[in-house]
Amino acid sequence: METIQTDIAIIGAGGAGLRAAIAVAEADPSLSIALISKVYPMRSHTVAAEGGAAAVARENDSLEYHFHDTVSGGDWLTDQDAVDLFVNTIPTELTRLEHWGCPWSREWDGKVAVRPFGGMKIKRTWFAADKTGFHLLHTLFQTSLKYPSIQRFDEFYSTDLLVADGRCHGVTAIEMRTGKMHAFQSKGVIICSGGGGRIFPFTTNGGIKTGDGMAMAYRVGVPLKDMEFVQYHPTGLPITGILLTEGCRGEGGYLINKDGYRYLQDYGLGPSTQEPRLKAMELGPRDRLSQAFWHEQRKGRTVKTPYGDMVYLDMRHLGEKKIDERLPFIRDLAKSYINVDPVTDPVPVRPVIHYMMGGIHTDINAATPIKGLWAAGECACVSINGANRLGSNSLGELLVFGAIAGRQAAAYARSEGREAKGDVARDRAAAANARVAEIFRRSGGKERAADLRTSMARALEEGAGIYREEESLKTCCSRISELRERYASIEIEDKSSIFNTDLIYTLELGAMLDIAETVVYGALLRTESRGAHQRLDYERRDDVNFLKHTVAYHNGSAPPRIDYLPVIITKSQPAERVYGEAAGGSVEQ
Amino acid sequence: MSEVRTITMEVLRYRPERDSDPVLQSYRVPCPQEWVVLDALDYIKNNIDSSLSYRWSCHMAVCGSCGMMVNGEPMLACKTFLREMGDTVRVEPLLNFPIERDLVVVIDDFLEKLKSLKPYIIRKTEKPVEEGTYLQTKAQLKRFKQYTLCINCLLCYAACPQYALNTDFIGPSALALAHRYNLDSRDEGYAMRQEMVASHEGVWECSFVGACSEVCPKHVDPASAVQQMKITSTKDYFLRLLGGKR
C-alpha cells in the first residue's frame, strides 16, 4: 500500500469537489490538496444538469422570495438557517462563475439572462442554454488547473474513511490503473461524491451515481439524513430515462395526456392558461407534477407505449427558433434517442428518478459530526431541500456548500496544525485494505454482482416509488436485507489488477445496498405524506409527529437504527403549500 | 418490446497482465432496435463476461467517457445506434492513445496539453465579485460559444492524421479550448497562451485535413479554430517584424 500525505483530501471532483478544492487553494495556497475521483472531473454527473441555477438577480426579486419558495417547496422540512445562508450566498457564487468564464446565456443588453423554473415565484434561474451543468463543471475544472496546490488523483476509487477517536484522518482509495491501494493521510476530508440514484432502475443518473461517499460516511458512524426523500423528475425520455430539463416548461412547454388535455389543472395547479404562469400548471414543483402523472395513469389517461405509460411534453408552439436557441440539446436528445422532433411532435415522457434530497448529515458549515470530515453537494443533506428540492437549487447548493466546506476545512487544517496521526491512519488503512482484499479474493461464492444489482433496483421501484404503503415497504425492506446477506457471497470473476471494473462495480453495489436500506426504512417509519414521500396509507402531512429529520445510523449487518432530529425553523411556520392561481404571477414581469 | 436482432460484437480485448497483444473477442448479443453500442457492451458485461472493461457514465452524450472506435470510426458508444449497423460490429479502443486495458485508453497526454494552454480566464486585474457580472452581448457570446461545447471525448485525436504521426502535436480539442478563451470578451490571456499555440507543436503542425471536425459529436469544429489561430499567429509574426506589438 502506498501512503500519500496531504493537508486536505477531497473525494469526488464534480461541481462540489472542484469548488471545494478551489476554495481551499484560495484560502491558503500552502495547503496541499488531493482531489480524488473515480472518474476524470469532466465525467462527473454535474455535467448532465441542464436547466440552470437559481439566484436573485433582478430588481423585482428578493432574497425573501427565494427563501420562501425554497422552504415551502421543501414542504417545511428544510433547515431555515441553511436556506437563508444559501439564498444570500448564491448570487455571489454565480457571479464568481461568470468571472471564471461560464458562458451564461445573455439578454440583449449583455446582462445574464434568467428563465422561470418550477415552484419559483420570480424568474431567477441563470442558464447556459440547456447545458448549464456541463458549462459549470467545465468552467470549474478548467479554472482549477490554475492552482498548483490542487493535485488530482483521477480514477482513484475511494473505499474507506480513516476514522478514529471521533476524528477523520484520511481515506483509502484504489488506483484503478494499477489496482494498488493508496492511503491518503490528511488533516481533513471533504466528501463530494454525489447521489445514488442508480439504486433505482429508471433514472436520469449516470452509471457512476452509486452513493459511494454516502455509504462510506454511514459506515463510520455518520448518520444519513432524510434518505426517504427521493425526487422523481416529471419529464424523462422513455427507455433511457434521459432528462428533459424543466427549462422546457420554463420556456412554455405543456404537459398533456392522451386526450391532449393539460391535466395538471385537475391537481390544484390550474387554471390552465396559454402563457406560462409562475408556480402554476407546468411550473409547479416536481413532486406535485410526478404525483399527478401517477393519478393520470390510474385514471387510464396516459399513453400506452411499448416502453410503459407516458404523457406528452408538448413544445411545438414554442417554434423552431426558440427551441434552437434555448433548448438545442433537448431537441438533439429527443431526435437521437426516440426519433421525435419537439419542433413538430409532442415528446413522450414519464417521471424518472432524479435526485436524492437526503444524504450525509451536516450542519450549516457543511461539517459532519466527525471532526475533520465535511460533505457537500448531492451526497450531503444540509438541508436546504427538505422533502422536495426545487429545480435549479442543486447547482447552487454544490457551489455554496462546496465553497464553505473548502474554507472550513482549510481553516481547520491550519488551526489544528498538528501532525496527522500517522499510526492511527495506518491501522485503519490496513483494515480497509483487508476488507477490500477479502471481497476481491473470495472464491466459491455463488452470487454475481450484476444479478443482485438488478434485484435491488427492481425492489426499490416496486416498493419505494412515487407512492408508497406499509406492505410494499415492508416487502422491500426484507428484499434489501436479503440482498445484503447475499452480497457476502459474491465472487468476483475477474482477478486482475488493472482497471478492474468487476471489482469496482461490486464495491459500488455494496454502497448502494447500504444506502437503499436507509431509503426504505426511513420511508417505512415516516407514516405521513410530505413532499416527495407520499404514503397511500397516511395521506396527510403530520407536523405534530413528523416535522423532523430522519437520521439513519449504520447498524452492522442489521437494518439501520432510525432516530430523528428537529427541523430548524426561524421565520416561516409550516403552512399549506400553495400553487396554481393563488400563487402564480405572470412570467413576463 | 420491439424486435430483437442477434448480432456479433467483436471487441478488442487487452489485459496487460495476461495478453502480450490485443486480441479480438466475439460475443453474440440480442439487441432490441433502440439499443446503442454501449447497451450491447453492458449486456456483455452483465451477462456474458464480467471482465470486459470500458468507461461510461451519462448515456446521453455529454460526459465524454465512452469514446471508442466502432467499425473503424471514432464514435460515442452511447449515441451510436446498432440498428444502423450490420450483423457484425467491431469495437476497439480509441486510436492514437496507449491502451490501458480493453477499451480503456490512457489520456494523460491530452490532460497535460490542455493544462499547458491555460484554459481559464486570465485578467491583468481581477474584477472584485462585489462589482457584479461582466456585460457580454449575445454577439460577443456567439464568437466563442461553439468552442465551449467540447466534451473532451477525444474522438478528434483519434481521427487526427497529424496526431497519429506525431503525438507532440497539441491537437484539436485542446487548441479549440485555447481559442475559446482567446475569443472570450472577459479574457486578457491571449499573449500567455500564444507561446504554446504558435509553437512548433501548436497550430502549425495541423495540416488542415479537417477530420477532427467531421467526427466531433458536438459540432465544435476544432479545424476552424485552428485555422483562425493560424491567421492571428501570422498577423502577430508580421507585426513583430514591423516592431509592433499586439
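Predicted model: local features only at pLDDT ≥ 70, side-chain atom pairs only at ≥ 80, totals over all residues.
**Figure 1. Domain 2 meets domain 3 in chain A.** Six residues from domain 2 of chain A and six residues from domain 3 of chain A make up the contact. Together the two domains bury about 530 Å², with carbon and sulfur atoms giving 67% of that area. On the domain 2 side, look for Asp287(A), Gln291(A) and Trp294(A): this trio supplies 74% of what domain 2 of chain A buries against domain 3 of chain A, more than any other three residues.

**Figure 2. A closer look at what lines the domain 2 side.** Between domain 2 of chain A and domain 3 of chain A there are zero salt bridges, but two residue pairs are in polar contact.

**Figure 3. Chain A against chain B.** Here 67 residues of chain A touch 68 residues of chain B. About 5,700 Å² is buried between the two chains, and carbon and sulfur atoms account for 55% of it. Within chain A, Arg43(A), His99(A) and Tyr337(A) lose the most area to chain B, though together they make up 13% of what that side buries.

Figure 4. Seven salt bridges run between chain A and chain B. One of them pairs Lys79(B) with Asp332(A), whose closest N and O atoms are 3.0 Å apart. There are also 35 residue pairs in polar contact between chain A and chain B. Several elements of chain A supply at least two residues each to the side that touches chain B, among them helix 3 (80-99), strand 6 (150-154), helix 9 (328-338) and helix 14 (501-525). Helix 4 of chain A gives the most to that side, with six residues. Sorted by class, the chain A side has 27 nonpolar, 18 polar and 22 charged residues.

**Figure 5. Ser149(A) and its partners from elsewhere in the chain.** Ser149(A) sits in the loop between helix 4 and strand 6 of chain A. With a relative accessible area of 15%, Ser149(A) falls under the 20% cut-off, so it counts as buried. Setting aside neighbours within four places in sequence, Ser149(A) touches Ala25(A), Pro29(A), Leu31(A), Ser32(A) and Ile33(A). Ala34(A) is 115 residues away from Ser149(A) along the chain, yet their C-alpha atoms are separated by 8.6 Å.

Figure 6. Start with the cis peptide bonds. One links Gly270(A) to Pro271(A), with omega near 5°; Pro271(A) belongs to the loop between strand 12 (254-256) and helix 7 of chain A. Another runs from Val382(A) to Ser383(A), with omega near 10°, and Ser383(A) lies in the loop between strand 18 (380-381) and helix 10 (394-416) of chain A. Then come the positive phi values in residues other than glycine. Ala129(A) has phi near 45° and is in the loop between strand 5 (125-126) and helix 4 of chain A. Met281(A) also has phi near 45°, this time in the loop between strand 12 and helix 7 of chain A. Ala129(A) is buried at 8% relative accessibility, and Met281(A) is buried at 3%.

How values were computed: Residues numbered from 1 in each chain as written. Chains lettered and ligands numbered in written order. Heavy atoms only, no water. Contact = heavy atoms within 4.5 Å. Buried area = accessible area lost by both parts, 1.4 Å probe. Salt bridge = Lys/Arg side-chain N within 4 Å of Asp/Glu carboxyl O. Polar contact = N/O pair within 3.5 Å; in protein donor to acceptor, adjacent residues only side chain to side chain. Helix = DSSP H or I, 4+ residues; strand = E, 2+ residues; numbered from the N terminus. Nonpolar A, V, L, I, M, F, W, Y, C, P; charged D, E, K, R; others polar. Buried < 20%, exposed > 50% of the residue type's maximum accessible area, 1.4 Å probe, protein only.
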